[in-house]
Amino acid sequence: HCRPMGSGASRSLAAGISSTGPGELREVLQKLDVLARQRIAVALNKAALDCHPDIGEQVLCKVAEAEIDRRACVKDADGTGWEKAIFQGISADGSHMLEGLGFRHPRSWSMPPDQVMRYPPGKRPAELSGVTLTQVSEISSQHRAWLETEAWNVYLRETQRPTMYDVVPKIVRPATAATKCSYSELFSQQAVEVFVSHWWGEEFLSFVASLEHAAQELVRDIDSRLRVLHGRNPGSIVFWICSFANAQWEVNLGQSLATSPFELALASPTCQAVVMVMNELAMPLTRIWCIYEVLRTDVLQHPFYISTSSGVLLGDKAREDASLAQMLTSLAKRILSIEPTEAKASKESDKTMIVGE
């Protein structure tokens, strides 16, 4: 349900935190256990919903009833229409200054605060649901001991360190339990820059290592299509990772491929490249969503990278590095044995939709 802007105690809390130096905040947080830090993150996220938006944040503004059918708007449960806009600040009279999403000639206007709202939990657009490499790496550092501990995997029938299948119930769901939002919504809106295609069964630490290798390569690549990323701090790159972008309470994959969060993120104007996180068994290529993502990457003409925990598989580099060369050889053999039509999905209906369209 849509909720307008609020005020009061939540803004006081935000003001108190913002007046505390980063060093002092870090010192306090380091003394807390992981669960306490997660509770603080959840509390701040809930408070943020009632605070004024950040300048440049995409928000929803109420549409007059007579205009609903003529505007590109979304409707809430009671039929109220809401239109997307960019928050530009607060005017002298307290109204919210807004700007339309038109790129060439965006219109500007103001509205009362009670007619403007942030996206409700779990409703943030897919294309704005990215997380930075730094934010992903923080999960590794905060849960290092657990992530390094091997345990028996009943599905693979072997010992293995925790995977995304473990990270979601252990970390993502507890951190988002209060609002049922996506993990990305614990942070400010971040437009997708690099789409990540992956298999949830990859060990999480290996998954993060693969992203780190990919980020380092992306900021060095001189491909003109990647000029937005060139020379950047690798930690600042915004990745779209489905387990963090989609709310893990009631995952909505859309009524069609065109409206699925995967397609919306891939086709977003801000998406610069696609990284497939690969292991020597080529498991992503046995998953129907990953195959769809590869096909769409080609259609959209995004630069495509295959990254492993040992590095990015690129020409001479892959041949000169022994571990990458071995990975490339194993991968080539495995790919020859894969039959795309036998690719699996967590839900059979997803495979039916993808194959059907």
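Predicted model: local features only at pLDDT ≥ 70, side-chain atom pairs only at ≥ 80, totals over all residues.
Local features were considered at pLDDT of at least 70 and side-chain atom pairs only at pLDDT 80 or more, whereas totals for chains, interfaces and linings use all residues. Residues are numbered from 1 along each chain as its sequence is written, and side-chain values use heavy atoms, with hydrogens and water left out.

Side chains of opposite charge can pair when their charged atoms come close. A salt bridge is taken here as a side-chain nitrogen of Lys or Arg within 4 Å of a carboxyl oxygen of Asp or Glu, and the structure holds eight of them. In one of these, arginine 118 meets glutamate 57 at 2.7 Å, N to O. Arginine 118 lies in the loop between strand E6 (116-117) and strand E7 (131-132), and glutamate 57 in the loop between helix H3 (34-49) and strand E1 (58-63), so the pair ties together parts that are 61 residues apart in sequence. Helices (H or I, at least four residues) and strands (E, at least two) are DSSP runs, numbered from the N terminus. Arginine 118 is buried, with a relative accessible area of 11%, and glutamate 57 is also counted as buried, at 8%. Buried denotes under 20% relative accessible area, exposed over 50%, and partly exposed the range in between (1.4 Å probe, protein chains only).

A further salt bridge joins arginine 296 to glutamate 263, with the closest N and O atoms 2.6 Å apart. This pair links distant parts of the chain, since arginine 296 belongs to helix H10 and glutamate 263 to helix H9 (residues 261-266), 33 residues apart. Glutamate 263 counts as buried, at 9% relative accessibility. Salt bridges with shared partners join Asp54, Glu57 and Arg118 into one network.

Rings of Phe, Tyr and Trp (its six-membered ring) were paired if their centres lie within 6.5 Å; planes under 30 degrees apart count as stacked, over 60 as edge-to-face and the rest as tilted. By this rule there are six aromatic pairs. Tyrosine 183 and phenylalanine 244 form a tilted pair, 5.2 Å centre to centre with 40° between the planes. Tyrosine 183 lies in the loop between H6 and strand E10 (194-197) and phenylalanine 244 in helix H8 (residues 242-245), so this pair ties together parts that are 61 residues apart in sequence. Both residues, tyrosine 183 and phenylalanine 244, are buried. A second tilted pair consists of phenylalanine 204 and phenylalanine 207, at 5.9 Å centre to centre and 35° between the planes. Both lie in helix H7 (residues 204-220), three residues apart, about one turn of the helix. Tyr183, Phe187 and Phe244 form one aromatic cluster.

Threonine 163, in the loop between strand E9 (158-160) and helix H6 (164-176), is buried at a relative accessible area of 1%. Not counting residues up to four places away in sequence, threonine 163 touches Trp200, Gly201, Glu202, Glu203 and Phe204. Histidine 302 lies in the loop between helix H10 (288-300) and strand E13 (304-308) and is buried, at 14%. With the same exclusion of residues up to four places away, the contacts of histidine 302 include Arg225, Leu266 and Thr297. The side chain of histidine 302 reaches the backbone oxygen of leucine 266 at 2.8 Å.

How values were computed:
Polar contact = N/O pair within 3.5 Å; in protein donor to acceptor, adjacent residues only side chain to side chain. Contact = heavy atoms within 4.5 Å.
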